[in-house]
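Colleague: I am new to this model. Please take a close look at its aromatic ring pairing, then lead me on to the strands and spaces.

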Amino acid sequence: MTGQGRLAGMAAVITGATRGIGRALAEVGRRKGMKLALSARSAGALEALARELDPTGEEVIGVPGDVGDPADCQELIRGAERRFGHIDVLVNNAGLAIGGKIVDTRPQDVDLMVRTNFLGAYYCTRFALPGMTKRRSGHIVMMDSVAGIRISPGGAIYSATKFAMRSLAEALRSEVLEYGIKVTAIYPGMTLTTYFDPDNPDALKPPIPIEEMLTSEDVAEATLATIGLPARVSVNTVVLRPTTQQT
């Protein structure tokens, strides 16, 4: 059976689903036959995406909310379980980066990054685990970053949240082994998302030519290929870099 065949019919929750890597995961996952519960803060964008991917509304649902709010995360997981009966895959993708040296950071920005990048992944994982452990099956994906392996210059707090996600993934794997639950941390390098989009006035200056960067689809395809492996195979770490990225 092909990886696409194994993905068909799987029920997945994807956070941060309306743009960038999250949107690509939703689009590619749907093409491969997955049932999706999508989360983002923008209810309008989420509804439009869900309708685009499944006009019937039966196999794709949008559950608007903020992953930094535990109540919203609990409702997301409950909504997916109500609609699909269970969750096969949770992709903790929601994240944001606000740059700057520590001395220049604003506490409210730091709080937002910690709540979105780290606590959001923790909350969703916490509420998804009871169902997965009961079924003794599931796959939790942490969309990390190479900034969680090597400090990102000018992005100390962002890197700190991604290092925390890395620790969470490693600890989680040891805790859920006995239940047959897989844990995978994905570490994309420079990816052409809104952070580097030349049409975004707040975008960062691309450190390499944008045509050499990873695309969101590249990351989505690699992530879903990992999810589509046989049950006996657990890939725990996937590092993706543009061929020309050195660090």
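Modeller: Rings of Phe, Tyr and Trp (its six-membered ring) pair if their centres lie within 6.5 Å; planes under 30 degrees apart are stacked, over 60 edge-to-face, and the rest tilted. The model is predicted, so local features need pLDDT of at least 70 and side-chain atom pairs 80 or more, while totals for chains, interfaces and linings use all residues. Numbering starts from 1 along each chain as its sequence is written, and side-chain values use heavy atoms, without hydrogens or water.

Across the whole structure, the search finds one aromatic pair. Tyr 122 and Tyr 123 form the pair, with ring centres 5.5 Å apart and planes at 55°, so it is tilted. Tyr 122 has 36% relative accessibility and is partly exposed (buried is under 20%, exposed over 50%, partly exposed in between, with a 1.4 Å probe on protein chains only). Tyr 123, at 16%, is buried.

Now the strands (DSSP runs of E, at least two residues, numbered from the N terminus; helices are runs of H or I, at least four). Strand E6 covers residues 181-188, and eight of its eight residues are buried. Ile 181, Val 183, Ala 185 and Tyr 187 point one way from E6. Lys 182, Thr 184, Ile 186 and Pro 188 point the other way. In a regular strand, side chains alternate between the two faces of the sheet. Strand E5, residues 138-143, pairs with E6 in the parallel sense over six bridges (pairing takes at least two DSSP bridges). Met 142 stands opposite Ala 185 in E6.

Next, the spaces. On a 1 Å grid over the protein atoms alone, a cavity is a set of points where a 1.4 Å probe fits but cannot get out; a pocket is an open set with protein on both sides within 12 Å along at least five of seven lines; lining residues have an atom within 4 Å of a point. The second largest pocket holds about 250 Å³. It is lined by 15 residues, and Met 10, Ser 137, Gly 138, Lys 182 and Ala 231 are the closest to its centre. Its lining has six nonpolar, five polar and four charged residues.

There is one cavity of 30 Å³ or more. The largest cavity holds about 40 Å³. Its lining includes Ser 39, Val 63, Pro 64, Asp 66 and Cys 73.

Methods
Grid points are joined across faces, edges and corners, and a volume is the space filled by probe spheres set on the points. Ala, Val, Leu, Ile, Met, Phe, Trp, Tyr, Cys and Pro count as nonpolar, Asp, Glu, Lys and Arg as charged, and the others, Gly among them, as polar.
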